[in-house]
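This report describes the fold, the surface and the charged pairs of one protein model. The structure comes first, then the text.

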Amino acid sequence: MHMHKFEKIWLTFGIGCLVVFLSVVGVSAFYLGNKPASCLTTINSAKVDQTKPFDKPGLHKVEGKEWDYELVFVASTFSYNPAQVKVPLGAKVKVIATTKDVIHGFEMAGTNINMMLEPGYVSEYTTTFDKAGEYLVVCNEYCGTGHHLMSAKIEVVK
């Protein structure tokens, strides 16, 4: 069977790209140990309200960690708990969130904080609030008929 020169070039290019891609993914996953963030911490979604730190959502001062505060959120049917929270300006905060029912989004408008909250998993994001003001937290994953009403407010105060 005769193959045209350009056909051989494209086949070689395609196979080469596939080998490079699989090598990068393999090295990243197996040698470097990288995995999706949602695989790190799991939780029983039926017992979220009885599991620490989700039994007391809100802002909590912590000692002896790389961050100053932990901001705990629980998402459920068209709401976040807490619905409103005040954070001190300049504070390094670890946002810890989960959901009790379906997949929800956690996007803080005007920042780069964007997490997917999946039942049975804990999502975390560490940030420093350097700019005072009000930040709206919205659900950016469609979660049902009341999805457009799902929001919370984080106020960064001096």
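The paragraphs below go from the overall fold to the salt bridges.

This is a predicted model, in which local features need pLDDT of at least 70 and side-chain atom pairs count only at pLDDT 80 or more, while totals for chains, interfaces and linings use all residues. Residues are numbered from 1 along each chain as its sequence is written, and side-chain values use heavy atoms, with hydrogens and water left out.

**Fold and extent**

The protein has one helix and 10 strands; helices (H or I, at least four residues) and strands (E, at least two) are DSSP runs, numbered from the N terminus. In sequence order the pattern is α-β-β-β-β-β-β-β-β-β-β. The protein is more spread out than a compact globule, because its radius of gyration is 21 Å, well over the 15 Å that the globule rule gives for 158 residues. That radius is taken over C-alpha atoms, and the rule is 2.2 Å times the number of residues to the power 0.38. Along the principal axes, the C-alpha atoms fill a box of roughly 70 × 40 × 30 Å.

Of the contacts (heavy atoms within 4.5 Å) between residues at least 6 apart in sequence, 61% join residues at least 24 apart.

**Surface and charge**

Buried residues make up 31% of the 158 residues; buried means under 20% relative accessible area, exposed over 50%, and partly exposed in between (1.4 Å probe, protein chains only). The accessible surface comes to about 10100 Å², and 58% of this belongs to carbon and sulfur atoms. Areas come from the Shrake-Rupley method with a 1.4 Å probe.

There are 15 positive and 15 negative side chains, where Lys and Arg count as positive and Asp and Glu as negative, without His and the chain ends. The centres of the two sets lie 3 Å apart.

**Salt bridges**

The count comes to four salt bridges, each a side-chain nitrogen of Lys or Arg within 4 Å of a carboxyl oxygen of Asp or Glu. Among them are these pairs:

| Pair | Closest N to O |
|---|---|
| Lys100 and Asp49 | 3.2 Å |
| Glu124 and Lys94 | 3.1 Å |

Lys100 lies in the loop between β5 (92-99) and β6 (104-108) and Asp49 in the loop between α1 (5-31) and β1 (58-61), so this pair ties together parts that are 51 residues apart in sequence. Lys100 is partly exposed at 33% relative accessible area, and Asp49 is partly exposed at 47%.

Glu70 is buried at 12%, whereas Lys65 is partly exposed at 46%.

The bridge between Glu124 and Lys94 links distant parts of the chain, with Glu124 in strand β8 (residues 123-128) and Lys94 in strand β5, 30 residues apart. Glu124 is partly exposed at 42%, and Lys94 is buried at 13%.

Terms used:
The place of a charge is taken as NZ of Lys, CZ of Arg, CG of Asp or CD of Glu.
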